[in-house]
Structures are given as structure tokens and as C-alpha cells.
Amino acid sequence: MNKYDKMIELNREKSDEKIAAAKLAIRKMLEEGDRITIPQLMKMTGLSRGFFYKNPIVRTEINQALEQQAGTIDPRRNILDKAMGGRIELLEQQIRELKQENEKLQKENQKLRKGMGKQDKKVWKNL
């Protein structure tokens, strides 16, 4: 193994160690119920802000943790989700009713058009 390969291997090992430290800090914050923030992670690990934003593995871990934490940190979100769920259900019911009414009106329109067509034929025959 030449010097270049050794240098790459050492950089990869350091990167893996940084990723492991970041993941450990994220999991620790989740377990303790602390709100996960980049500045807090920076303090815990000593890693740069850019590392947390640019590293795709760590960024994915942070996003998953934030999603998991969303309901526990902000209880208003659960309340809003429930309220919006009820509103969505009501709107879906209105949509179903309007679709039924639309189908009924389309059938009625079709019947009236057929009736008009028959009357037109009678008028033409009488001429």
C-alpha cells in the first residue's frame, strides 16, 4: 500500500469515527428527550456545522430523529393533526356528496336531452 492509499484509508477512518460520534450524540439526545439542534450537536461532538449539513449519512439520521421527535417536542402539532384530520374527513364527505349530486344531475340532463331530441323529430316530421 502506498502513501496515497494510506492517507485515504486514514481519512476514511476519521470520517467513520466522526459519523459514529454524530450518530451516538443524536441517539443520546433522543433517549434523554432533548430537542435535537445542530448547535447542540456541535457542542456535544466538537464537529463543524457544515459536517452536520453536508454529510448525507448524518443528515439522514438527523432528519429521522427530528421526525420521530416532532410529536413529543411540540404537543400542539398532535392537536393540529387531529383537528386537520377531522376537517379533511368532513371535506371528503362533502366531495362524495357533491359527486353523487353531479352524477344525478348528469343523468337528469341526459334524459332531458333525449326528450328534446324526440320533440325535435316530431317537429321535423310535421313539416
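## A residue between two helices

In this predicted model, N55 lies in the loop that separates helix α3, residues 49-54, from helix α4, residues 56-73. Is N55 buried or exposed? Its relative accessibility is 13%, and because buried means under 20% relative accessible area, N55 counts as buried.

When the neighbours within four places in sequence are left aside, N55 is in contact with I19 and G50.

## A nonpolar patch on the surface

Which residues form a nonpolar patch on the surface? They are Y4, M7 and I8, and together these residues have about 300 Å² of accessible area.

One of them, I8, has its place in helix α1, which covers residues 3-32. The relative accessibility of I8 is 30%, and therefore I8 counts as partly exposed, a class that lies between buried, under 20%, and exposed, over 50%.

## The chain as a whole

The protein chain has 5 helices and 0 strands, so that its elements, read from the N terminus on, run α-α-α-α-α. Of its 127 residues, 14% count as buried, and the chain exposes about 11,000 Å², of which carbon and sulfur atoms supply 53%.

Among the contacts in the protein chain between residues at least 6 apart in sequence, 49% join residues at least 24 apart.

Technical notes. Residues numbered from 1 in each chain as written. Predicted model: local features only at pLDDT ≥ 70, side-chain atom pairs only at ≥ 80, totals over all residues. Heavy atoms only, no water. Patch = residues over 30% accessible without salt bridge, like charges linked within 9 Å, V, L, I, M, F, W, Y side chains within 5 Å. Areas by Shrake-Rupley, 256 points an atom, 1.4 Å probe, with all protein chains shown as cover. Salt bridge = Lys/Arg side-chain N within 4 Å of Asp/Glu carboxyl O. Helix = DSSP H or I, 4+ residues; strand = E, 2+ residues; numbered from the N terminus. Buried < 20%, exposed > 50% of the residue type's maximum accessible area, 1.4 Å probe, protein only. Contact = heavy atoms within 4.5 Å.
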